[in-house]
Amino acid sequence: MVRKRYNALAFAALIALTGGCSRGDTQKGELAQPGREPMQSEKPMAAKEMQGMPGMPMPSGGIMVDPAKQQLIGLRIAEATYQPLEKTIRTVGRVEYDERKLKQINTKIEGWIERLYVNFTGKLVKKGDPLFTIYSPELLSTQEEYLLALQAKQQIGSSPFSRVAAAGNSLLEAARRRLLLWDITPEQIDELERSGKPTKALTIVSPIDGFVIDKMAFEGMRVEPSMVLYKIADLSTVWVYADIYEYELPLVKVGEQAKVHLSYYPGQIFRGRVIYLYPYLDSKTRTAKVRLELPNTGAVRLKPGMFADVELKVSMGRRLAVPHEAILDSGTRQIVFVEKGEGHFEAKEVTLGLRVDDQHEILSGLSPGTRIVASANFFLDSESKLRESMGAMAGMAGMERMRMGGMEKTEGMEGMSGMQMAAPALSKVEGKAPSGPQEQKVGDTTLALSTVPTPPRVGENTLRIRLTDEKGKTITNARVSVSYTMLMPGMSPVRAEAAFSKEGFYEAKANLAMGGAWEVTVKATIPGKPEVKATFALATGGGQ
């Protein structure tokens, strides 16, 4: 019963202490820290007072970075400008025949092949070159009919009776038309008229210039009208089929110029144009076929079956754009940092369009001439989030004067929400800042931490780390980094690299933006040894 009453009194005292701090009242039981004035003389640091400090949030949600820090982090400024954008689409393709210039050779009559003039696949033929001769009884009788009709016309052509003359002409034209429909050329019909004798085997000729890509004809073979005897391809132009991803399809138009590169001809560029976009996609690859037409004159270097690299350059006109590295993309929001002058920067949400090489189109959010940060954006993003959380806490009256290190651990308080927040580190501080270096030994390495000034103050401090081996000799070839954070929920650590100084210390700058307990973690990598790590506690007090 006594213990419960004691716990209740302790809890009431905690509430009274916290309430007094929030009003800016000084508690009589609060301990004065070495090197500091009594707590009664301090005033609460509100958010308005913190806005002028380097790196602290500005009223509009921006941050301030001094010129020295800008140079240190490599901050670079660019402008949003209207510029001509040209999207380059690169893909692969394959060379195929121009389907409009393929011919199949067959006969419209039955018969037998007597002689082959083109007897192997791949042979180049010209228009009018003989392919084979065919003997057909039906063709032979039609030639004889044509000769008889020709004789009849000559005999009755001078008849005074117009109907008789017209009948002779009609009979001759019917026989001639039948020969033409059987693919007998006018030149062959003229030769038949001059010789006056029918030809047993008629010669079939090539209708186009091209290469024989398929041959099914053999001497002595019986042929029918449905049989394909040759396939001939004109390769003066070829097609290239390219695969375009669906998100790039809106950029490709019929008539666009294209460059084609082949590994067979390094350094040479073949130029063509888009002549057709297929109206469907491949469901597996999510690509659509685009057909290009290329001239293939001369040595016929483009051969069907070859693979090619295709490059399409699509002009998008003049558009507002910024460097791609200036964009911070969280997946749901796209942010840029706008320069406001005098080291002030403000985060601005933008709407993005297409990305073209190293430039990104801006649809909304920026106007031409706006100066933005083109590098070190991630540093500004992390800095703004850290300072924003600190600034919100600094705005609470008396927040920086709360010292939980002087509170005794009371039975029954451990279960209270948030009471275990900073207990481990605060137990080391014991209500006052260490007046000298702190040391920790990890293995055979001793790590000593001190600050300039001592004790540390609110604002920028120098953290000094000295490393010594088991013999007490200073280690000078280590790689040392420090990270520091305030012991409050949601606070992210700030990391910095330490540089070796002439005095034998590894030094790093630390901006301890609020009064209170801080945790400093030192990591050191010594050649030939495993990494060593030590955690120290600091308490800041006083102004800058």
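Helices here are DSSP runs of H or I with at least four residues, strands are runs of E with at least two, and both are numbered from the N terminus. By that count, the protein chain has 8 helices and 30 strands. You're looking at a predicted model, where local features need pLDDT of at least 70, side-chain atom pairs count only at pLDDT 80 or more, and totals for chains, interfaces and linings use all residues. Residues are numbered from 1 along each chain as its sequence is written, and side-chain values use heavy atoms, with hydrogens and water left out.

Of the 544 residues, 41% are buried, meaning under 20% relative accessible area with a 1.4 Å probe, protein chains only; exposed is over 50%, and partly exposed lies in between. As for contacts (heavy atoms within 4.5 Å), take those with a separation of 6 or more: 70% of them link residues 24 or more positions apart.

Four strands make an open, antiparallel sheet in the order β8-β7-β5-β10, where pairing takes at least two DSSP bridges between two strands. Because β8 (201-205) and β10 (222-223) sit at the edges with a single partner strand each, one side of each has no neighbour in the sheet. β7 (residues 130-135) pairs with β8 antiparallel over 5 bridges, and Phe132 has Ile204 in β8 as its bridge partner.

Pro130 also belongs to β7. It counts as partly exposed because its relative accessibility is 33%. Leaving aside residues up to four places away in sequence, Pro130 touches Tyr117, Val118, Thr203, Ile204 and Val205. Pro207 is 77 residues from Pro130 along the chain, with 9.8 Å between their C-alpha atoms.
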